[in-house]
Amino acid sequence: MEIATKSGEHPQLTKAEMVSGDIEAHCLSNSKKQERTQQETSNTQDIIVRFINPGDFYACNNFHNNLYKKDRTDTQWQWEFLHSGLPEIPFVVAAKDEEILGTLAQIPIRMIDQEGEFLTGKSEEALLDPAIRGKGIYPQMFKKIFDYMESQNILVVWGFTPAIKANVKAGFEEHTGIAQLFFPFHADAINVLLKNNRSSKIKVKGIKILCSLAGVFSSISLCSTGLRINNSLAQNICLKTLSTPPEEGADLCRTFVRQWGGTTILRNASFLKWRIFENPHIRATVRAAYLDNQLLGWVAYSLDDNSVGHIVDIIAASNKINSSSMETVVAVLLKDAVVGLRKTGALGVRAWKVNSHPFDDLVARAARKVGFYFIPRGEWMVLHYLQGSAARPSLKSIDNWYINRIYTEGVLG
Ligand SMILES: CC(C)(COP(=O)(O)OP(=O)(O)OC[C@H]1O[C@@H](n2cnc3c(N)ncnc32)[C@H](O)[C@@H]1OP(=O)(O)O)[C@@H](O)C(=O)NCCC(=O)NCCS
């Protein structure tokens with residue numbers, strides 16, 4: 001065996017071993033490392049990446065509940081994943097023997113642009129047991145998912161994620177940071193925004209004081225929204241609470257892509273029924289805006305378990321209303337949501353600002369008029385293009401997407 005005698009000659013010696021000259025310990029620790037690597041390789045070799053079987057449903061939900069300390073019911077799991085309409089459930093597992101050690105799923109989402117409708121896949125349920133992370137299993141799972149989605153003529157797979165590095169490694173090629181629009185009612189709302197933040201207690205206290213002040217300014221803005229919008233239009237808008245999906249949903253989306261360009265989720269009656277009106281997690285309140293009995297758009301909002309309100313969806317379009325007047329429609333809808341959420345005891349309201357799609361920008365402008373703050377901090381949106389996507393102009397850039405939660409993002413909407 002070749003043994004290095006001088007410091008620096010053997011790159012595998014640790015500093016402690018070099019100082020103590022404990023060559024034997026080094027050889028032993030090296031053989032232990034080799035043993036561990038061999039064991040890990042054989043561990044990952046035993047792992048099979050395959051499509052889910054009906055017999056795995058319960059185990060997959062259990063796997064999720066155990067790792068996240070949640071209590072999602074089987075009914076909620078089925079609502080989420082057995083709605084795909086594809087021949088194979090687009091749900092891949094990493095399993096060792098029959099034990100589930102990883103999950104990755106897709107929710108097929110129909111989108112619309114000026115050329116018509118097309119199918120996309122929204123990624124969900126990406127989770128690996130910590131023991132098998134960092135070993136190339138996640139890209140293998142996505143390979144299986146991408147191949148299957150492509151075989152079903154799905155043009156693009158997309159997702160929201162905090163794990164940008166892992167997803168880029170798995171094949172996602174375009175991404176953008178999601179920012180937040182935030183309306184504070186109470187200083188405690190900041191706890192949610194500072195989740196995972198390791199700032200000192202004094203700094204958090206300072207931020208909370210600022211948040212209280214921001215809340216005062218936001219409330220003043222809310223009361224004086226009328227000064228910043230087209231009041232005569234605002235007064236003519238009639239707001240209604242919807243208890244069933246509007247039949248005009250699909251037409252509104254068609255008008256939307258003509259008016260604002262790009263692509264958006266097709267919110268037809270069956271999609272809205274599935275994701276919003278029959279949602280088994282949190283039912284959103286849906287408030288629709290009408291002018292002369294014509295549907296202009298809606299806002300959907302919900303309150304989570306931490307008493308934070310979420311704008312789940314906001315959309316508006318009309319071939320009779322220009323873009324500056326549409327800002328008024330959106331401001332009226334947002335103001336209504338803020339007032340509604342405050343009545344239910346919300347600590348604050350969050351909405352997403354995803355990219356530079358013209359309507360996304362319009363929502364941000366209207367939100368500022370109502371009293372929302374812009375916070376450049378959030379998760380990422382990622383895209384992976386499949387065959388056929390290159391021919392679709394609306395898919396050329398992530399800025400062409402008008403996208404928000406609308407219950408494509410976990411249980412919060
Ligand atoms: C996301 C996940 C499936 C990726 O598995 P993997 O490909 O084996 O990758 P790793 O776990 O080794 O992570 C790769 C990198 O992504 C980072 N990462 C993983 N999850 C992350 C998260 N939730 N937020 C931020 N970074 C994350 C890791 O820290 C690692 O970074 P490093 O290379 O600098 O150490 C796995 O990390 C996981 O199950 N995470 C918890 C669930 C989760 O975060 N799901 C959301 C993803 S959509």
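Predicted model: local features only at pLDDT ≥ 70, side-chain atom pairs only at ≥ 80, totals over all residues.
## A first look at the pocket, the cavity and a few residues

β3 (99-113) and α12 (269-277) each contribute at least two residues to the lining of the second largest pocket.

- Sorted by class, the lining of the second largest pocket holds six nonpolar, four polar and one charged residues.
- Two domains take part here: domain 2 (47-177) and domain 3 (179-378) each give at least three residues to the lining of the second largest pocket.

**The cavity**

- Searching the whole structure turns up one cavity of 30 Å³ or more.
- The largest cavity has a volume of about 100 Å³.
- Around the largest cavity you will find Ile311, Ile314, Ala351, Trp352, Lys353, Asp360, Val363, Tyr402, Asn404 and Arg405.
- By class, that makes six nonpolar, one polar and three charged residues in the lining of the largest cavity.

**Thr120, a buried residue**

- To find Thr120, look in strand β4 (residues 116-128).
- Thr120 counts as buried because its relative accessibility is 0%, and buried means under 20%.
- The side chain of Thr120 is joined to the side chain of Trp158 by a polar contact of 2.8 Å.
- Leaving aside residues up to four places away in sequence, Thr120 touches Ile107, Pro108, Ile109, Met111, Ile154, Val156 and Trp158.

**Two loop residues with positive phi**

- Lys69 sits in the loop between α3 (57-68) and α4 (74-81).
- Phi of Lys69 is near 55 degrees, which is a positive value in a residue other than glycine.
- With 71% relative accessibility, Lys69 counts as exposed, since exposed means over 50%.
- Asn293 belongs to the loop between β10 (285-291) and β11 (294-303).
- For Asn293, phi is near 70 degrees, again a positive value in a residue other than glycine.
- Asn293 counts as exposed, with a relative accessibility of 69%.

Terms used
Residues numbered from 1 in each chain as written. Heavy atoms only, no water. 1 Å grid on protein atoms, 1.4 Å probe; cavity = no way out; pocket = protein on both sides within 12 Å on 5 of 7 lines; lining within 4 Å. Points joined across faces, edges and corners; volume = space filled by probe spheres on them. Nonpolar A, V, L, I, M, F, W, Y, C, P; charged D, E, K, R; others polar. Helix = DSSP H or I, 4+ residues; strand = E, 2+ residues; numbered from the N terminus. Buried < 20%, exposed > 50% of the residue type's maximum accessible area, 1.4 Å probe, protein only. Polar contact = N/O pair within 3.5 Å; in protein donor to acceptor, adjacent residues only side chain to side chain. Contact = heavy atoms within 4.5 Å. Domains from an automatic or database assignment.
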